[in-house]
Amino acid sequence: MMQDLVNAAIAARKKAHAPYSKFYVGAAIRDEQGRVHAGCNIENAAYPQGWCAEPSAISHLIMKGGKRITEVVVMGNGDQLCTPCGGCRQKIREFAAGDVKIHCCTETGKLIRTFTLDELLPASFGPENLKLGT
Ligand code: THU
């Protein structure tokens, strides 16, 4: 059930520090133990130093000892589809299998569309590549 992820992402989005873009993003991820970790985007006056909601959530997962991402919820402003950006897809890829579901929701938590990670990042490069030939 993804409602716990949705609720966590809504709460995280409300904490977004996005005074420059005013695009507030909340993300929530489930770990292999079923625990939920959430994060928001955190912008910076030196614009390139800001970061996305997804790595904020991943950071929490790692610090709690989580190893894998098993489900993701992301939401941006209003009803528009907010998929993870390219860099975030790769960051999720580090900890998630290709069939992991990424649910894109409205800011009130209504599901717009669900993708698999493989759909968003096909033929991806990942940790397995570095193990080849070693
Ligand atoms: N943003 C995210 O937090 N996640 C994404 O995957 C897409 C973009 C943020 C970054 C920036 O603070 C704002 O949205 C506008 O790009």
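Please note at the outset that this is a predicted model. The sheet is open and consists of five strands, arranged in the order E2-E1-E3-E4-E5 with mixed pairing. At its edges are strand E2, residues 36–40, and strand E5, residues 111–116, each of which pairs on one side only. From one strand to the next, the twist averages 20°.

Strand E4, which spans residues 96–105, runs antiparallel to E5, and five bridges join the two. Which residue of E5 stands opposite isoleucine 102? That position is taken by phenylalanine 115.

Helix H2, residues 53–63, lies across strand E1 (26–31), E2 and strand E3 (69–75). Relative to E2, helix H2 runs at about 140°.

I come finally to the ligand. Its surroundings comprise Ser21, Phe23, Val25, Asn41, Glu43, Cys52, Ala53, Glu54, Thr83, Pro84, Cys85 and Cys88. In asparagine 41, a side-chain N or O atom is 2.9 Å from an oxygen atom of the ligand. For glutamate 43, the corresponding distance between a side-chain N or O atom and a ligand oxygen is 2.5 Å. Glutamate 54 places a polar side-chain atom 2.8 Å from an oxygen atom of the ligand. How much of the ligand's accessible area does the protein cover? On its own the ligand has 370 Å² of accessible area, and the protein covers 77% of it.

Notes:
Residues numbered from 1 in each chain as written. Predicted model: local features only at pLDDT ≥ 70, side-chain atom pairs only at ≥ 80, totals over all residues. Heavy atoms only, no water. Pairing = 2+ DSSP bridges. Helix = DSSP H or I, 4+ residues; strand = E, 2+ residues; numbered from the N terminus. Axes fitted to C-alpha atoms, helices over the stretch in contact; angles between N-to-C directions. Contact = heavy atoms within 4.5 Å. Near = heavy atom within 4 Å. Polar contact = N/O pair within 3.5 Å; in protein donor to acceptor, adjacent residues only side chain to side chain. Areas by Shrake-Rupley, 256 points an atom, 1.4 Å probe, with all protein chains shown as cover.
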